[in-house]
Amino acid sequence: MVEKKIGEYLQTKWAAGKVIYKQTTVSTNEDAKQFAGEGAEHGLLVIADAQSGGKGRRGRSWQSEPETTISMTLLCRPQFTAEKASMLTLVMGLAVAEAISELTGVSASIKWPNDIVVNHKKVCGILTELGTTRGQIDYLIVGVGINVNNGITLPSADVSEKRRFAFGEELADTATSLWFETGVEVSREKLIAAIMEKFEQYYEKFVQDLNLQAMLDVYNSRLVGAGGEVRVLDPQGEYIGISRGIDAKGNLLVEVSGDVKKVYAGEVSVRGLYGYV
Ligand code: BTN
């Protein structure tokens with residue numbers, strides 16, 4: 001990662017206003033929490049070239065290959081209350097999907113609520129965490145892991161073999177990198193800058209009304225599976241319905257026997273009927 005270059009590409013007012021760059025760390029989310037505790041400002045971005053203990057959702061670990069992936073966490077100090085926080089995961093998802101599409105030409109879609117997929121495979125995961133005092137947000141951190149150039153250094157072999165090398169047997173069918181999808185090296189610095197610009201623009205729209213109304217159409221046009229059948233993995237019992245997109249509060253609307261259920265991002269996972277998406 002070329003630290004200086006990120007600044008050259010950035011055209012933001014506050015997002016990544018300060019950047020802390022680490023060659024290696026345990027988790028940029030943990031770093032951002034620590035900086036938040038030390039009084040860091042809204043817009044601080046922590047970036048690492050390698051993480052030894054990257055965290056995923058639901059207590060899972062997140063593997064980020066040194067030098068080729070993006071591992072970064074943005075610190076926000078919003079003025080709104082905690083129940084609105086999950087909407088910022090969606091704002092970041094939209095920013096990442098648009099930045100990837102514009103920079104690389106591939107079509108990036110959003111697997112609600114926190115994954116970005118390209119050609120039906122996961123290329124990015126987002127983990128939002130927050131610290132609160134009496135319901136008010138003290139800090140909100142949005143961690144973003146993107147597979148950018150994974151696979152590029154592997155000796156020539158057939159693509160499925162390369163995928164197994166790059167992501168391991170378990171993830172070979174569901175994970176990908178931008179390099180696998182485009183065949184060209186993608187600048188991590190340019191991608192980070194583009195994401196920060198998009199996030200800042202959408203964040204400012206979001207805080208005007210504290211909902212996603214202003215970006216609902218663009219979000220839903222990128223949503224995986226809209227109009228198709230989805231399986232909702234609700235802890236109270238799984239069910240199948242038709243995805244009708246998200247509403248302005250970020251809930252996924254799922255039609256079941258003519259009724260529309262609102263699925264809240266924190267509660268459940270949603271799958272397509274056949275495989276990961
Ligand atoms: C997921 O898909 O489960 C979310 C993955 C989030 C990974 C990113 S990498 C940067 C930041 N630091 C972490 O420890 N996790 C997030």
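Residues are numbered from 1 along each chain as its sequence is written, and side-chain values use heavy atoms, with hydrogens and water left out. Because the model is predicted, local features need pLDDT of at least 70 and side-chain atom pairs count only at pLDDT 80 or more, whereas totals for chains, interfaces and linings use all residues.

Grid points are joined across faces, edges and corners, and a volume is the space filled by probe spheres set on the points. The volume of the largest pocket is about 1,000 Å³. Its lining comprises 46 residues, of which Arg 60, Ser 61, Trp 62, Lys 122 and Leu 171 are the closest to the centre. Helices and strands are DSSP runs (H or I, at least four residues, for helices; E, at least two, for strands), numbered from the N terminus. At least two lining residues of the largest pocket come from each of helix H2 (28-37), strand E3 (69-76), strand E6 (121-133), strand E7 (136-147), helix H4 (159-171) and strand E12 (269-272). E6 gives the largest share, six residues. Residues were classed as nonpolar (Ala, Val, Leu, Ile, Met, Phe, Trp, Tyr, Cys and Pro), charged (Asp, Glu, Lys and Arg) or polar (the others, Gly among them). On this basis the pocket lining holds 21 polar, 15 nonpolar and ten charged residues.

Two cavities of 30 Å³ or more are found in the whole structure. The largest cavity contains about 110 Å³ of space, and among its 13 lining residues the closest to the centre are Lys 111, Trp 112, Val 224, Val 230 and Val 270. Strand E4 (108-111) and E12 each contribute at least two residues to this lining, with the largest share, three residues, coming from E12. Eight of the lining residues are nonpolar, three polar and two charged. The second largest cavity, with a volume of about 40 Å³, is lined by Ser 86, Met 87, Leu 90, Lys 249, Gly 250, Asn 251, Tyr 264 and Ala 265. Here the division is four nonpolar, three polar and one charged.

The whole structure has 16 salt bridges, each defined as a side-chain nitrogen of Lys or Arg within 4 Å of a carboxyl oxygen of Asp or Glu. One of them joins Glu 102 and Lys 198, at 2.7 Å from N to O. Glu 102 belongs to helix H3 (residues 86-104) and Lys 198 to helix H6 (residues 188-209), so this pair ties together parts that are 96 residues apart in sequence. Accessibility was classed by relative accessible area (buried under 20%, exposed over 50%, partly exposed in between; 1.4 Å probe, protein chains only). Glu 102 is exposed at 58%, while Lys 198 is buried at 13%.

A salt bridge also pairs Glu 181 with Arg 163, with the closest N and O atoms 3.2 Å apart. Since Glu 181 lies in helix H5 (residues 178-182) and Arg 163 in helix H4, parts that are 18 residues apart in sequence are tied together. Both residues are buried, Glu 181 at 18% relative accessibility and Arg 163 at 13%. Between Arg 244 and Glu 255 the closest N and O atoms of the salt bridge are 2.7 Å apart. This pair ties strand E9 (residues 239-246), which holds Arg 244, to strand E10 (residues 252-256), which holds Glu 255, across eleven residues in sequence. Arg 244 is partly exposed at 43%, as is Glu 255 at 25%. Glu 30, Lys 33, Lys 55 and Glu 129 are linked in a network of salt bridges.

Ile 126 is located in strand E6 and is buried, with 2% relative accessibility. Its C-alpha atom is 6.5 Å from that of Gly 145, a residue 19 places away in sequence. Beyond neighbours within four places in sequence, Ile 126 is in contact with Arg 57, Thr 89, Met 92, Gly 93, Asn 114, Val 142 and Gly 143, contact meaning heavy atoms within 4.5 Å.

Conventions
On a 1 Å grid over the protein atoms alone, a cavity is a set of points where a 1.4 Å probe fits but cannot get out, and a pocket is an open set with protein on both sides within 12 Å along at least five of seven lines; lining residues have an atom within 4 Å of a point.
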